[in-house]
Amino acid sequence: MPIDVIEIHRGESPWQGYTSSHDEEQSGMTARAVAFTGAFERIPRLDVFAPKDEALIAIDRDKRRVVVNERFLSDVQRADATGLGAGTKHTLVTVKDPRLTAAPKKLVTFFLMAQLIRTYAHVGATLQIVAEKDGPVYRAEIDGEHEYFTNRRNVERVHFAVEIDKKSGVCTVIGL
């Protein structure tokens, strides 16, 4: 029985409109950790994942990029869960603030909703947290489907885990 169902849609991507070329697509695979300024555009639906009156992620319109708040996170090397082979590990980010690792399921949901973990190729994904294990290392197993188009509509399974080492803050995405 699923623990949570999470819908991910291309139209809600913070990177929407920033990937009109291959170079921009590749550049967008890293979200730089920077000091947040008032010039950044916050993403209200993602603010609920941050400590009060803070933001974990924002859009820097001047530099055409998505950034994360250096007070909370290191640079993020976005993971593509649709192409992550079974057993393949991808280091996503190091979390700097223990308030975030203290609520690991909420943090995993943030990674998914902020699309720091890519879970679809073209349209979107329906995901379920199907198992959790809490301890010094939190682990959430995620299963679902993503939709994409070639000459026709395709639906493909996506299955991976996210581990958060609560002491070091290192977050890893693992293909299942």
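**Exercise 1.** Does F40 count as buried or exposed?

*Solution.* The model is predicted. Start with the cut-off: buried means under 20% relative accessible area. F40 has 12% relative accessibility, so F40 counts as buried.

**Exercise 2.** Classify F36, then describe how its ring sits against that of F40.

*Solution.* Take accessibility to begin with. Partly exposed lies between the buried limit of 20% and the exposed limit of 50%. F36 has 25% relative accessibility, so F36 counts as partly exposed. Now turn to the rings. The structure holds three aromatic pairs. In the pair of F36 and F40, the ring centres are 5.5 Å apart and the planes stand at 85 degrees. Planes over 60 degrees apart count as edge-to-face. The pair F36 and F40 is therefore edge-to-face.

**Exercise 3.** Which kind of aromatic pair do F110 and F111 form?

*Solution.* The distance from centre to centre is 6.0 Å, and the angle between the planes is 55 degrees. Stacked needs under 30 degrees and edge-to-face needs over 60; the rest count as tilted. F110 and F111 thus form a tilted pair. Both residues are buried. With F49, F110 and F111 make up one aromatic cluster.

**Exercise 4.** What is the strand order of the open sheet, and which strands are at its edges?

*Solution.* The sheet has five strands, in the order β3-β4-β5-β2-β6, with mixed pairing. The edge strands are β3 (41–42) and β6 (76–77), each of which pairs on one side only. Next, look at β2 (residues 30–34) and β5 (residues 65–69): they run parallel, joined by three bridges. A33 has V68 in β5 as its bridge partner.

Technical notes: Residues are numbered from 1 along each chain as its sequence is written. This is a predicted model: local features need pLDDT of at least 70, side-chain atom pairs count only at pLDDT 80 or more; totals for chains, interfaces and linings use all residues. Side-chain values use heavy atoms; hydrogens and water are left out. Two strands pair if DSSP finds at least two bridges between them. Helices (H or I, at least four residues) and strands (E, at least two) are DSSP runs, numbered from the N terminus. Rings of Phe, Tyr and Trp (its six-membered ring) pair if their centres lie within 6.5 Å; planes under 30 degrees apart count as stacked, over 60 as edge-to-face and the rest as tilted. Buried means under 20% relative accessible area, exposed over 50%, partly exposed in between (1.4 Å probe, protein chains only).
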